[in-house]
Amino acid sequence: MMSFLDDNFLLQTETAQQLYHAHAKHMPIIDYHCHLSPKDIAEDRRFKNLTEIWLEGDHYKWRAMRTNGIPEKYCTGDADDYAKFEKWAQTVPYTVRNPLYHWTHMELKKPFGIEKILKPETAREIYDDCTAMLQTNAFSVRGILQKMNVEIICTTDDPIDSLEYHQKIKADNFGVQVLPTFRADKAMAIELPEVFLPYLQKLEEASGVSIGTFQQLLDALKQRHDFFHELGGRLSDHGLETIYAEEYTEAEVKAIFEKALNKQQLSQEEVLKFKSAMLVELALLDHAKGWTQQFHLGALRNNNTRMMRELGPDTGFDSIGDFDVARPLSRFMDKLDNSDQLAKTILYNLNPSQNELYATMIGNFNDGSTPGKIQFGSAWWFLDQKDGMEKQMNALSNMGLLSRFVGMLTDSRSFLSYPRHEYFRRILCNLIGNDVESGELPASEMEWYGQMVENICYNNAKNYFNF
């Protein structure tokens, strides 16, 4: 019987163990998509206790706690910090076979060095030990990032953001590069006038461009895109149900925007035409600067209306959706490819039944200009677990080139989430190791497999993004 979370955790063969310990383990981390706070990094935040760093904003844990019958005051409410942690400790034993069980204990082991199982009997000791460590220099935000061997972080930022914290981080040059990512979702939300119109005012202020026409909207976004580029930004990101790829004319989009400014009701067709035009225009900005565009597709968000009213978005009430993907995705990418203006692209899929769809779609638009130009992105959100990662990598292996994969990201709001990279690396090495030991891959090529693992863990991303 193998021991839980020992050095060979998830590594079922000697070959897998060799690949992980000799090649994957010590590679630096490029976290090219996350939701960490630039403010916390700039100010080198010290967390008061384990609850503050571990449960604050973590809707994965809140979701599990609610399912375990824990009242909301211990998730997002006003219960004191230890009471919240205690309720999480009560929940952890019930998360067996949920990835939270693995993540929880991996995050205690690294960076804290704690190997005890979290449960009610150990909660007080673990809480006190971790809280004490969090008061030391080694466990400030920057200390944790350096301890976890993080080299580059790409945060997720709105075009109207001043990026003041990114500027401070860059000036401090503390050893970890922190770069902004351009996420213009609110600039597309024309169907929500209560969001869209106030946002345009903020965009005017940030860009210095008066926005009275569709072209002026594009000018304002370009001004912000240029600003992000100056501060090292090299990626955009879009969180969408599906790709928008309706046919439209320039005149139609101008008229739709004018109707929105005049607070006139838009039809669903007009909304889709506007969103389709915006996606194309943003994609052209990315291509012109050699950026990578990311599309996170397939989430059905804010399902619980009551809790949306009480808590707002990103609080644990989202699920996997089932949207029409193939045709709009093909039309969108083909439109850009047809004019040779398709930027490097990463597609993240949330519905596992569509893995092969995505894995084959990327092959339609790889053009030989860049290895792995169009990427089937790492398993994310609900698929960010052992089975989900294996399915994503198997689909990519069968339909494309796993060897050109740019690998893992945290997609997290927590500074303790970096063991997810270790988790991914162990799963990757185990897949390849099993194939070698079953005779499906030649054992004579171990040197190449080791290089391939290092590439997927680090080198491919380093070369792909041109930071």
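This is a predicted model: local features need pLDDT of at least 70, side-chain atom pairs count only at pLDDT 80 or more; totals for chains, interfaces and linings use all residues.
Me: How many helices and strands are in the protein?
Reply: The protein has 19 helices and 10 strands, where helices (H or I, at least four residues) and strands (E, at least two) are DSSP runs numbered from the N terminus.

Me: And what is its radius of gyration?
Reply: The radius of gyration is 23 Å, which agrees with the value near 23 Å for a compact globule of 467 residues; the radius is taken over C-alpha atoms, and the globule rule is 2.2 Å times the number of residues to the power 0.38. Along the principal axes, the C-alpha atoms fill a box of roughly 70 × 60 × 45 Å.

Me: How much of it counts as buried?
Reply: Of the 467 residues, 55% count as buried, meaning under 20% relative accessible area, with exposed being over 50% and partly exposed in between (1.4 Å probe, protein chains only). As for contacts (heavy atoms within 4.5 Å), residues 24 or more positions apart account for 76% of those with a separation of 6 or more.

Me: Switching to helices, how do α1 and α18 pack?
Reply: Helix α1 (residues 14–24) and helix α18 (residues 419–437) pack at an angle of about 135°, with their axes 7 Å apart; axes here are lines fitted to C-alpha atoms, for helices over the stretch in contact, and angles run from 0 to 180 degrees between N-to-C directions. The two helices are therefore oblique to each other, given that angles under 35 degrees count as roughly parallel, over 145 as roughly antiparallel, 65 to 115 as roughly perpendicular and the rest as oblique.

Me: Which residues of α1 and α18 meet there?
Reply: From α1, Glu14, Thr15, Ala16, Leu19, Tyr20 and Ala24 meet Glu422, Arg425, Arg426, Cys429, Asn430, Ile432, Gly433, Val436 and Glu437 of α18. The residues of this contact divide into seven nonpolar, three polar and five charged, where Ala, Val, Leu, Ile, Met, Phe, Trp, Tyr, Cys and Pro count as nonpolar, Asp, Glu, Lys and Arg as charged, and the others, Gly among them, as polar.

Me: What about α18 and α19, at what angle do they pack?
Reply: The angle between α18 and helix α19 (residues 446–465) is about 155°, with the axes 11 Å apart, and the pair is therefore roughly antiparallel. On the α18 side the contact has Phe424, Arg425, Leu428, Cys429, Ile432 and Val436, which meet Tyr449, Met452, Val453, Ile456 and Cys457 in α19. By class, this contact has 10 nonpolar, no polar and one charged residues.

Me: What does lysine 61 touch?
Reply: Not counting residues up to four places away in sequence, lysine 61 touches Trp54, Leu55, Trp88, Leu100 and Glu107.

Me: Where is glutamate 191, and what is it in contact with?
Reply: Glutamate 191 is found in the loop between β4 (181–182) and α10 (193–207), and counts as partly exposed at 36% relative accessibility. Leaving aside neighbours within four places in sequence, glutamate 191 is in contact with Val271 and Lys275; the C-alpha atoms of glutamate 191 and valine 271 are separated by 6.1 Å, although the two are 80 residues apart along the chain.

Me: Backbone next: which peptide bond is cis?
Reply: The bond from lysine 110 to proline 111 is cis, with omega near 25°, and proline 111 is found in the loop between α6 (99–109) and α7 (123–134).

Me: What is the phi of arginine 97?
Reply: Arginine 97 has a positive phi of about 80° although it is not a glycine; arginine 97 is placed in the loop between α5 (81–91) and α6, and is exposed, with a relative accessible area of 83%.

Methods:
Residues are numbered from 1 along each chain as its sequence is written. Side-chain values use heavy atoms; hydrogens and water are left out.
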